[in-house]
Amino acid sequence: MKLITEHAEDFEVVTDLNEETGKKSYFIEGVFMQGDIKNRNGRIYPSSILENEMNRYSKEFIGEKRALGELGHPSGPTINADRVSHLIVEMKREKNDFIGKAKILSTPMGEIVKNFIDEGVKIGVSTRGLGSVKPLKDGTMEVQNDFHLSTVDIVTDPSAPNAFVNGIMENVEYYYDIAAGNWIARQSVEEVIEEVQETVEKQYRKVVKRIDENVASDLLSKFISSLKN
């Protein structure tokens, strides 16, 4: 499956001041996902698929207080603890809109988001998930029922969302490693060859120290060429 990210900015920031402690809590709330409508990335998410995935995510993550999100776009589907900025506390469906609410945490990245809010910086949210797409007749890409929501992240440039959501790891395939308990990027053939090539070069140099350099170089080139064929 491929990583799919979508950007939205139709939400509001809410602050709650505890009069006893003087501590302010920050929340963002609004449309996190939209179904049955072609988005700016040329993709359409059937509402039925989003609802099923929302229910799963709510049960497994929101209900267990594990629905963490990050500030900025990561390079894969796994949550990076050092970049966590918020906790999603609620998600519900209203017609074809999926409304979410998230509390901004007092983590290093969460404090940055709070500062953005205090200074009036415009921020947005971006869903992150894994799934496959199928092209329709009009060129729209329809997300299939293997869609797996990873989280909803906070992004900082809603005025130019395409720069964030297009091409983000979309050529990388992932698989779920049951033993490791997380999503792992599947290496391409080219990456495997490159990895083998580096290993072979290191070992080969040890073996051919006493062989003429030109002969060794020629032998190594032939071997690498054979890997690519």
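These legends describe close-up views of a predicted model. Local features need pLDDT of at least 70, side-chain atom pairs count only at pLDDT 80 or more, and totals for chains, interfaces and linings use all residues. Residues are numbered from 1 along each chain as its sequence is written, and side-chain values use heavy atoms, with hydrogens and water left out.

**View 1. Strands S5, S6 and S7 pair antiparallel.**
Helices (H or I, at least four residues) and strands (E, at least two) are DSSP runs, numbered from the N terminus. Two strands pair if DSSP finds at least two bridges between them. Strand S5 covers residues 68-70 and is joined to strand S6, residues 84-94, by three bridges. Here leucine 68 faces leucine 87 of S6. Eight bridges link S6 to strand S7, residues 97-104. Lysine 92 has isoleucine 99 of S7 as its bridge partner. Two residues lie between the strands in the S6-S7 hairpin, where lysine 95 adopts a positive phi near 60°.

**View 2. Strand S3 pairs with S7.**
S3 spans residues 24-34, and eight of its 11 residues are buried, so the strand is largely enclosed by the rest of the structure. Buried means under 20% relative accessible area, exposed over 50%, and partly exposed in between (1.4 Å probe, protein chains only). Seven bridges hold S3 and S7 in the antiparallel sense. Phenylalanine 27 has lysine 103 of S7 as its bridge partner. The ring of phenylalanine 27 also lies under the charged end of lysine 101, 4.8 Å from the ring centre. A charge sits over a ring if NZ of Lys or CZ of Arg is within 6 Å of the ring centre and within 35 degrees of the ring normal.

**View 3. Strands S4, S10 and S9 form an open sheet in that order.**
The pairing is mixed. S4 (43-44) and S9 (133-135) are the edge strands, each pairing on one side only. Three antiparallel bridges connect S9 to S10, residues 141-143. Valine 133 is opposite valine 143 in S10.

**View 4. Two aromatic pairs are found in the whole structure.**
Rings of Phe, Tyr and Trp (its six-membered ring) pair if their centres lie within 6.5 Å; planes under 30 degrees apart count as stacked, over 60 as edge-to-face and the rest as tilted. Tyrosine 45 and phenylalanine 147 are edge-to-face, 5.4 Å centre to centre with 80° between the planes. Tyrosine 45 is in the loop between S4 and helix H1 (47-62), and phenylalanine 147 is in the loop between S10 and strand S11 (148-155), so the pair ties together parts 102 residues apart in sequence. Tyrosine 45 is buried at 5% relative accessibility. Phenylalanine 147 is also buried, at 5%. The other pair, tyrosine 57 and phenylalanine 61, is stacked at 5.1 Å centre to centre, with 20° between the planes. These two residues are four apart in helix H1, which means about one helical turn separates them. Tyrosine 57 is buried at 0%, and phenylalanine 61 is buried at 18%.

**View 5. Aspartate 153 is a buried residue of strand S11.**
Its relative accessible area is 0%. The side chain of aspartate 153 reaches the backbone nitrogen of glutamate 70 at 2.9 Å. Leaving out residues up to four places away in sequence, aspartate 153 touches several others, including Gly72, Pro74, His86, Ser126 and Arg128. Contact means heavy atoms within 4.5 Å.

How values were computed. Polar contact = N/O pair within 3.5 Å; in protein donor to acceptor, adjacent residues only side chain to side chain.
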